[in-house]
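Dear colleague,

I am passing the structure on to you below, and my notes on it follow. Please read them alongside the coordinates.

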Amino acid sequence: MENQLLNLPENEKSDAELIELAKADPESFGLLMERYQIPLFRYIRRLTQLPKEDAEDLLQEVFIKIYQKLNEYNELLKFSSWAYRIAHNHIVDFFRKIGARPRTNSLEDYELAKLLTSKTDIARDLDSKDCLEKMKASLEKLPLKYKEVLVLRFLEEKSYEEIMDILRKPKGTVATLIARGREMLLADMKKEGIDCFEI
Amino acid sequence: MRNIIAETIGKIKEKNIRPEPRWKYLAKKYSVWISFFVVAFFAAAVFSVAYFLVSQLDWDLSAAAHRYSVFYYLSLVPYLWAAPLVILVFLAFFSLRKTESGYRYDFWKIAASALGVILVFGFLAASAGFGRKMNGVMMNDFPGYGRLVATKESQWSQPEKGLLAGTVNSVSANSFDLQDFSGKDWQILIDEKTVVRPSARLESGETIKAIGQTENNQTFKADEIRPWQGKGQMSGNAKNSGGLKRTMNGR
């Protein structure tokens, strides 16, 4: 099987095929890393808001963990969901270890708008810098469990099923967390008098 | 961005990092399932004892034994077994939730599955007589056990509440002698209003149950006599058979 896989051009190989190759040869793992380094780096950055270098260190640790767990991969899952799950768990462990909360102050302004756009009428005017700063502060106050689902749903644009597989939570719980997270974010913005979105 | 891919491959090679063997993953995966079945097995064993205790009781005596039927029913719950059963059901639920795909199912599906497995195993254990045997072992080997659970014997050893059972010693026209489970002798008074259930046999050596009230420390006036097993009703329609009960003057 390995020989057959090796004959395929690299970009045509599926994730599952690359996993099989990577088990035998770490160089083949490079192909998988190439596919996922940008989305995983972006996810780590969005959730942790660490400086670029620190986020890259974390990404490397995540890749090593993925490599060590290659035999655990279950083909019933999308590889990306499984990789995000490992990244998510690593981030949670990381914050537990350093005893800090993830920060939000390096989210891009357009990303903040995405958190609010779906099903709400409030993200109409994001011109005001002051307003965005206040909104970041509100987002920072959210517990990680709400923040992570909002990031996965609206910034990573994952489906409910994918979020369910990443966080290992039932679909109903995911839906509830998303709805509550948004409500909490909006409520805090209202409380802080952030009225630039015509809430 | 620095070359994370090259750095990571370099680190993997340098530290000779290898994917963990698959057996480790499989051992972890199956250990969760094994823990579920072990918990379910114990839960089923506990359930079978609780079921045995509950099934042998008479549940239609609330009017005789308690002013409020809800207290009567609560007094019959085998808490000694129900409490660990509740804990084991929770453990089974969490074990199932911890399986590889357990998170994909909502609370009710997981709860129903855990309960379903426990009930199936539990009824199998009960029908194999495990509950009865276990209860017997507990009765014999743990002296205080009998006071902690409501048994049929304890249920019918409450003459002050109008419930008395024991072995018939001798029978006369308007009374019979009975020795209760503690060895105490009673004279049971019967008259033409006393209902004697069809399969209750007022003969020496028979074990019977009596519902009524105490006249004094050794005399019990019976309103109803039942056989030890069941209510003493014959099968068939109660209204039409006319054989579900008989009074003393209709014997």
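Two residues are in contact here if their C-beta atoms, placed from the backbone, lie within 7 Å. This is a predicted model, in which local features need pLDDT of at least 70 and side-chain atom pairs count only at pLDDT 80 or more, while totals for chains, interfaces and linings use all residues. Residues are numbered from 1 along each chain as its sequence is written, and chains are lettered from A and ligands numbered from 1 in the order in which they are written.

On that basis, the contact between the chains takes 25 residues from chain A and 21 residues from chain B. On the side of chain A that touches chain B, helix H3 (26-48) and helix H4 (52-68) each supply at least two residues, helices being DSSP runs of H or I with at least four residues, numbered from the N terminus. By class, that side of chain A has 10 nonpolar residues (Ala, Val, Leu, Ile, Met, Phe, Trp, Tyr, Cys and Pro), eight charged ones (Asp, Glu, Lys and Arg) and seven polar ones (the others, Gly among them).

From chain B, Asp106(B) lies in the loop between helix H5 (79-97) and helix H6 (107-127). Leaving aside neighbours within four places in sequence, Asp106(B) is in contact with Pro170(A) and Gly172(A). Asp106(B) counts as exposed because 12 other C-beta atoms lie within 10 Å, where exposed means 12 or fewer, buried 20 or more, and partly exposed in between.

As for chain A itself, its secondary structure comes to 10 helices and zero strands (E, at least two residues), and 33% of its 199 residues count as buried.
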